[in-house]
Amino acid sequence: MEYTYSDELMSDLHKDAYGSRPGIAYRLYWETLSAIEKQVEWDLMISAMQAEQEAQRKYEEEAVAEYEMQIARNLDIGAGTREDAIRWILDSMELSPYDDAGFVCWRLGLPYTMEHEFVNILAEMHKEAA
């Protein structure tokens, strides 16, 4: 049997699979496992991580769709441009001058690859508020 588990990476995989690093009880449990048992546990964590990644992907897809619907609604009710529609969304969030594009993505559930949508608009809004 080929083993792919890693004692050094177990904590990282646990975090990716279950959202937190393993506690002391799990670490002690891990140390008691044989190589075969560690591989079985590792494979279970891989499956859990993949399920979590798929759930995150679906969540982000839904968040992007909702965000685009908000933009479309804002355009329908009078926002002149996409930038204006986004500004209206940001205005409704009551952001502080310390909130950045990453925070906006987090609040809206959007993937961080969308930060570029907010950088310039936030800079303008923070400039206007100062």
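# A tour along helix H3

Start with the buried residues of H3, which pack against helix H1 (10-18), helix H2 (24-32), helix H4 (82-92), helix H5 (101-108) and helix H6 (116-129). Helices here are DSSP runs (H or I, at least four residues), numbered from the N terminus. Buried means under 20% relative accessible area, with a 1.4 Å probe and protein chains only.

The model is predicted: local features need pLDDT of at least 70, side-chain atom pairs count only at pLDDT 80 or more, and totals for chains, interfaces and linings use all residues. Residues are numbered from 1 along each chain as its sequence is written, and side-chain values use heavy atoms, with hydrogens and water left out.

**Select H3.** H3 covers residues 35-76. It has 42 residues and reaches 61 Å from its first C-alpha to its last. That is close to the 62 Å expected at 1.5 Å a residue; the expected span is 1.5 Å times one less than the number of residues. Now color its buried residues: Lys38, Gln39, Glu41, Trp42, Met45, Met49, Ala63, Tyr67, Ile71 and Asn74.

**Zoom to Ile71.** Ile71 counts as buried because its relative accessibility is 2%. Which residues does Ile71 contact, leaving aside its neighbours within four places in sequence? They are Arg82, Ala85, Ile86 and Ile89. Contact means heavy atoms within 4.5 Å.

**Step to Asn74.** Asn74 is also in H3. Its relative accessibility is 13%, so Asn74 counts as buried. Not counting residues up to four places away in sequence, Asn74 touches Ala79, Ala85, Trp88 and Ile89.

**Finish at H5 and H6.** Select both helices. They pack at an angle of about 120°, with their axes 8 Å apart. That makes H5 oblique to H6. Axes are lines fitted to C-alpha atoms, for helices over the stretch in contact, and angles run from 0 to 180 degrees between N-to-C directions. Angles under 35 degrees count as roughly parallel, over 145 as roughly antiparallel, 65 to 115 as roughly perpendicular and the rest as oblique.

Now show the side chains. Ala101, Val104, Cys105 and Leu108 in H5 meet Phe118, Val119 and Leu122 in H6. The residues of this contact divide into 7 nonpolar, no polar and no charged. Nonpolar covers Ala, Val, Leu, Ile, Met, Phe, Trp, Tyr, Cys and Pro; charged covers Asp, Glu, Lys and Arg; the others, Gly among them, are polar.

Terms used:
Helices (H or I, at least four residues) and strands (E, at least two) are DSSP runs, numbered from the N terminus. Buried means under 20% relative accessible area, exposed over 50%, partly exposed in between (1.4 Å probe, protein chains only).
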